Each structure stands twice: as structure tokens, then as C-alpha cells.
Amino acid sequence: MGYRVVVAGATGNVGREMLNILAEREFPVDEIAALASRKSLGTEVSFGDKTLTTKDLDTFDFTGWDIALFAVGSEATKIYAPKAAAAGCVVIDNSSLYRYDPQVPLIVPEVNADAIEGYKAKNIIANPNCSTAQMVVALKPLHDRAKIKRVVVSTYQSVSGAGKAGIDELWDQTKGVYVPGQEVAPSKFTKQIAFNVIPHIDTFMEDGSTKEEWKMVAETKKILDKNVKVTATCVRVPVFVGHSESINIEFEDFLDEDEARNILREAPGVLVVDKREPGGYITPVECVGDYATYVSRIRQDSTIDNGINLWCVSDNLRKGAALNAVQIAEVLGNRCLKKG
């Protein structure tokens with residue numbers, strides 16, 4: 001006996017990936033429904049070798065459905081997630097709406113799967129921000145060994161993190177640079193993204209940080225350890241898919257780079273590619289379509305007593321969003337619902 005599963009926002013980048021990954025990982029599905037807004041109603045989407053026709057999110061009855069994966073943004077989630085939860089369907093939400101709610105668990109299965117039991121308070125589980133998810137997968141096994149005091153992270157985030165509009169703008173602007181008369185002014189982003197980098201993701205806050213940077217701080221504390229200090233600089237780069245991060249970690253205890261490398265090699269969800277030679281590291285182009293969080297450039301930081309630097313790369317549409325949501329569903333099924 002399997003699950004009746006709903007994917008809300010099935011026509012978007014993340015929603016389509018959720019359907020792909022549910023099929024790839026052979027999640028025990030008895031019945032699946034693909035939901036979309038009325039403007040996308042009737043659009044066909046793929047689920048393994050099947051084709052699904054989207055249904056109207058606005059009129060859908062969640063009664064009798066087990067799990068709903070939401071990829072519709074905070075405004076729509078605010079309306080429909082409580083309806084699904086009240087109907088007895090457990091919501092796994094990819095938006096930021098519930099991430100900081102103390103009654104809603106924020107889960108990265110490789111890091112804090114035990115927190116899954118907290119879903120019962122509201123029948124809702126939050127999926128973290130894409131940049132946070134890959135970072136804490138790399139941090140967790142190191143934190144277990146030497147206890148992290150402080151993290152300094154700079155991100156290099158792909159345009160797919162801004163949705164289809166972000167992908168289209170990079171594509172159109174890149175072509176426009178070479179074709180006179182087809183230049184494209186910034187719309188989704190604040191400045192030209194083609195052949196450029198933009199140190200600004202989400203809105204600015206009073207302290208000068210952006211909301212994206214604040215999310216990384218708050219979410220790392222909730223998922224990993226409230227005592228870890230985090231400072232982030234988040235940058236949008238002209239890459240279609242795949243987020244990269246340069247991470248500097250200060251530990252309470254000394255951790256040798258070789259031991260750190262060995263710990264990460266054994267860590268769930270992590271693949272280490274770290275050869276000290278040209279090309280001996282992973283870049284975003286190489287991680288697209290993969291489940292893993294890749295770690296490279298592991299080395300001692302000689303400027304502090306207990307420091308390590310590393311480079312972390314992952315497919316943000318997968319581990320940063322859709323894959324993590326499906327992994328949460330797997331943990332929920334195995335530990336709590338126990339139907340599949």
C-alpha cells in the first residue's frame with residue numbers, strides 16, 4: 001500500500017523536478033495529482049513514463065491525500081497549505097513561509113531527521129532555502145567531530161534560484177550582447193546578469209544584509225545548532241543551474257584537513273572530489289542532475305587556530321529544493337506514516 005501524493009506548483013522548475021525525483025527514487029505512490037494555478041490549468045507534466053494533466057489548486061480537495069509537496073511561493077502557500085493540513089494531508093513546503101515558525105520542523109534529512117516528529121503540531125514541514133540546504137549537509141559531519149563555532153560563507157548562486165524568469169533573463173541578455181538591437185534591460189534582476197555578478201539576492205534589511213543572507217543565518221541555527229555563528233554574502237552569478245559556496249569554518253577543537261576530508265567522504269549525501277591539480281574539483285556545470293552535495297578544495301586555514309576552508313557545489317533545483325522535499329517525504333513515510 002503506497003501513498004496518495006500531491007505536487008502543487010507542478011508546472012514550475014521545482015515542481016517538475018519534484019515529479020522527476022519521486023519517479024526516479026521510486027517513491028511508493030498509489031496515486032498522484034499535479035496541481036497548478038488556473039493560468040496553467042490543463043498543462044501536461046511528466047511523472048516517470050506517465051503524463052499528468054494539471055488540476056486546479058484553487059478547487060482541489062485534499063481530503064484523503066497523504067502528502068502534498070508545495071512549490072507555489074509564500075503567498076499561495078499561505079492560502080492552500082492550511083487547507084491541505086486541515087484535511088489531514090501532510091504539507092512539505094518549499095517556500096519560506098513556515099521555515100521560522102517554532103511549531104514547524106525545518107528539515108534536511110542528513111542533518112536533523114529526528115525533528116520530523118514535530119510535523120504533528122501543524123501537519124506542515126518546511127524545506128530550507130537552497131543555499132542553506134547544501135551547506136548544512138557539508139557542515140553536519142564536521143560539527144559532530146569538532147563542534148563549529150563560526151561560519152563565513154560566500155555564495156555563487158545560479159539564476160534558476162530566481163525561477164524561470166531568471167533563466168530567461170540570463171539567456172536573453174547573453175544573446176542580446178552579441179546581437180545589435182536585441183539588448184535586454186534588467187527586469188528580474190537589479191542589474192545585468194549576463195557576464196556579471198550581483199551581490200544582492202532578495203530584499204535589503206536594516207543592518208545592510210539581504211534577506212537571503214539572513215535566511216542562511218537563521219536556518220543554519222534552526223537546523224544545525226543555535227549556537228553556531230554564521231555570516232553570509234550571497235551573490236547571483238551567470239550560471240543557469242547549480243549553487244556554489246566558499247565556506248570558512250572555525251571549530252572549537254582542532255581538525256586536520258586530512259581527517260576532515262575522510263569524514264566528508266563517509267558523510268551521507270556528500271561526494272568529495274578534491275585533487276590538488278587543474279580540474280581536481282567540481283563546478284556547477286558538473287553537478288547538474290545529481291543528488292549529491294559536492295565538496296572540494298578542503299584545506300587548513302592558517303589564519304586561525306582551528307580553521308578549515310572548503311568549496312561546496314550542488315544542483316539547487318535538486319538538493320536545494322525538490323530532492324530535499326522528496327527525502328523529507330521518505331523520512332516521513334518511513335518513520336511516521338508507515339504506509340509504503
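# Terms and values in a predicted model

Author: Strand S12 and strand S13 (residues 293-300) are paired in the parallel sense, over three bridges. The model is predicted: local features need pLDDT of at least 70 and side-chain atom pairs count only at pLDDT 80 or more, while totals for chains, interfaces and linings use all residues. Residues are numbered from 1 along each chain as its sequence is written, and side-chain values use heavy atoms, with hydrogens and water left out.

Reader: What makes S12 and S13 a pair?

Author: Two strands pair if DSSP finds at least two bridges between them, and S12 and S13 have three bridges, so the pair qualifies. Val-272 stands opposite Val-295 in S13. The strands themselves are DSSP runs (E, at least two residues), as are the helices (H or I, at least four residues), both numbered from the N terminus.

Reader: Which strands form the open sheet, and in what order?

Author: The order is S10-S9-S11-S14-S13-S12, six strands with mixed pairing.

Reader: Why are S10 and S12 placed at the edges?

Author: Strand S10 (229-236) and strand S12 (270-272) each have a single partner strand, so one side of each is left without a neighbour in the sheet. Neighbouring strands of this sheet are turned by 25° against each other on average, direction ignored; axes are lines fitted to C-alpha atoms, for helices over the stretch in contact, and angles run from 0 to 180 degrees between N-to-C directions.

Reader: Which strands does helix H4 lie across, and at what angle does H4 run to S11?

Author: H4 (residues 130-146) lies across strand S9 (148-157), strand S11 (243-251), S12, S13 and strand S14 (307-314), running at about 30° to S11. Helix H6 (residues 211-223) lies across S9, S10 and S11, at about 145° to S10.

Reader: How do you know that the buried residues of helix H7 are on the same side?

Author: The buried residues of H7 (residues 257-266) are Glu-257, Ala-260, Arg-261, Ile-263 and Leu-264. They cover an arc of only 165° around the axis, which puts them on the same side of H7; the arc is that of the directions from the helix axis to the C-beta atoms. These buried residues pack against H4, S12, S13 and S14.

Reader: What is found at the start of H7?

Author: A side-chain oxygen of Asp-256 comes to within 2.8 Å of the backbone nitrogen of Asp-258. A polar contact is a pair of N or O atoms within 3.5 Å; within protein, one must be able to donate a hydrogen and the other to accept it, and residues adjacent in sequence count only if both atoms are side-chain atoms.

Reader: How many disulfides does a search of the whole structure find?

Author: The search finds zero. The cysteine sulfur nearest to that of Cys-130 belongs to Cys-234 and is 9.0 Å away, whereas a disulfide needs two cysteine sulfur atoms within 2.5 Å. The sulfur of Cys-287 is 9.5 Å from the closest cysteine sulfur, in Cys-312, and therefore too far for a bond.

Reader: Why is Cys-130 called buried?

Author: Buried means under 20% relative accessible area, exposed over 50%, partly exposed in between (1.4 Å probe, protein chains only). Cys-130 has 13%, so Cys-130 is buried. Cys-287, at 0%, also counts as buried.

Reader: Where is Asp-274, and why does Asp-274 count as buried?

Author: Asp-274 is in the loop between S12 and helix H8 (284-287). Its relative accessibility is 13%, so Asp-274 counts as buried. The side chain of Asp-274 reaches the backbone nitrogen of Arg-297 at 3.0 Å, and a polar atom of that side chain lies 3.2 Å from the backbone nitrogen of Ile-298. Neighbours within four places in sequence aside, Asp-274 is in contact (heavy atoms within 4.5 Å) with Arg-261, Gly-280, Ser-296, Arg-297 and Ile-298.

Reader: What makes Ser-160 buried, and which side chain does Ser-160 join by a polar contact?

Author: Ser-160, in the loop between S9 and helix H5 (164-178), has 4% relative accessibility and therefore counts as buried. A polar contact of 3.0 Å joins its side chain to that of Ser-158. The side chain of Ser-160 also reaches the backbone oxygen of Phe-240 at 2.9 Å.

Reader: What joins S3 to S4?

Author: Strand S3 (residues 44-47) and strand S4 (residues 50-53) run antiparallel and are joined by four bridges. Phe-47 has Lys-50 in S4 as its bridge partner. The two strands form a hairpin with two residues between them, and Gly-48 in the turn has a positive phi of about 60°.
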